[in-house]
Amino acid sequence: MSFEGQYNTKSAGVKRLMKEASELREPTELFAAQPIEDNLFEWHFTVRGPADSDFDGGIYHGRIIFPPEYPMKPPNMMILTPNGRFELNKKICLSISGYHPETWQPSWSIRTALLALVGFMPTDGAGAIGSLDYPAVERKRLAKKSLEWTCKECGKCMKDALRPLSEAAAQLQDEAKELAKQLKFQDETTLRAEISKAATETATSAETNAQTSAQSTSDAAETVEEVMTASVETETTTPASVRRLSISRASPSSTTPSRPSQQRESSIDRSLFLIVPAVIVCTAIFVILLARRLALSF
Ligand SMILES: [Zn+2]
């Protein structure tokens, strides 16, 4: 199938998708993916259920929808074959597992997403939206049944959508397991909620820091020595909160050096009261003397 002429081949997304389509032309033992007939931005994929799991022996089909900004923005995936792990026709996104959710890395590819999906299948759904926690018996039953499942849109039947398993598949299975340790799939709603939660937490910690700094600035009893120790601490400990705290503690010291300059200004003010009259008196004497000299010369 050729998309040349139909799409702007200078667009990064089109270039990338065409490259990936040609790399994935042949199905592997674990996954296969190709664009559907007339749309480079919608693909159908097939993945094999991981060995040593309830999905062993199952083959599952799904859709991948790419945004025009791909690979800068992530694709959405949907599973179409009943599996007992993911709800059907529900958008799921790939993200880095861990505390701070990152949605997508442009360096990831369709291959990364499919392998991560395979590795992620046996992980605990933990009641997340889009996850199904079907009992093992039911998942195994669906795995067997999946082989006869045929996609209404692209006509692929699961039992012949992938290359038959060989020993080489073990390596791909291991890669899938490794990927699943770092990456996870979430439905859009959960992902967005987690991102905004992380954003709120960052904002709250910033606020707490601001409050701490307000308290420490009001603490007038702090000596310059304490400020010095606080800034020494900053050099040894990296957390930003400590740094912010010491910066705020250091603020009283920044007012200390300004005091002598204020004193200097006031002393200049005072000396002006002496200098100005003195200059006036001197000028007057000079004028008088000059006048006398001129009067004598005539
Ligand atoms: Zn299909």
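Tutor: Helices here are DSSP runs of H or I with at least four residues, strands are runs of E with at least two, and both are numbered from the N terminus. The model is predicted. The part I take is helix α4, residues 169-182.

Its length comes first. At 1.5 Å a residue, the 14 residues of α4 should span 20 Å, and the end C-alpha atoms are 21 Å apart, which agrees.

Two packed helices are described by the angle between their axes and the distance between the axes. For α2 and α4 the angle is about 85° and the axes are 7 Å apart. The angle therefore makes α2 roughly perpendicular to α4. On the α2 side of this contact are T112, L115, A116, V118, G119 and F120, which meet E175, A176, K177, L179 and A180 of α4.

An unreviewed UniProt entry annotates residues 162-189 as "coiled-coil region". In the model that stretch is 57% helix and 18% strand, with its end C-alpha atoms 32 Å apart. The UniProt feature "transmembrane region", also from an unreviewed entry, is placed at residues 272-291. That span is 100% helix and 0% strand, and its end C-alpha atoms lie 28 Å apart.

Some loop residues deserve a look for their backbone geometry. Most residues other than glycine have a negative phi, and most peptide bonds are trans. N89, in the loop between β4 and β5 (92-96), has a positive phi near 60°. It counts as exposed because 10 other C-beta atoms lie within 10 Å. D52, in the loop between β2 (39-48) and β3, also has a positive phi, near 50°. With 9 C-beta neighbours inside 10 Å, D52 counts as exposed. The peptide bond from Y70 to P71 is cis, with omega near 5°, and P71 is found in the loop between β3 (59-65) and β4 (76-79).

Note on methods:
Residues are numbered from 1 along each chain as its sequence is written. This is a predicted model: local features need pLDDT of at least 70, side-chain atom pairs count only at pLDDT 80 or more; totals for chains, interfaces and linings use all residues. UniProt positions are given in the numbering used here, feature names are shortened, and annotations may be inferred rather than shown by experiment. The expected span of a helix is 1.5 Å times one less than its number of residues. Axes are lines fitted to C-alpha atoms, for helices over the stretch in contact, and angles run from 0 to 180 degrees between N-to-C directions. Angles under 35 degrees count as roughly parallel, over 145 as roughly antiparallel, 65 to 115 as roughly perpendicular and the rest as oblique. Two residues are in contact if their C-beta atoms, placed from the backbone, lie within 7 Å. A residue is buried if 20 or more other C-beta atoms lie within 10 Å of its own, exposed if 12 or fewer, and partly exposed in between; C-beta atoms are placed from the backbone.
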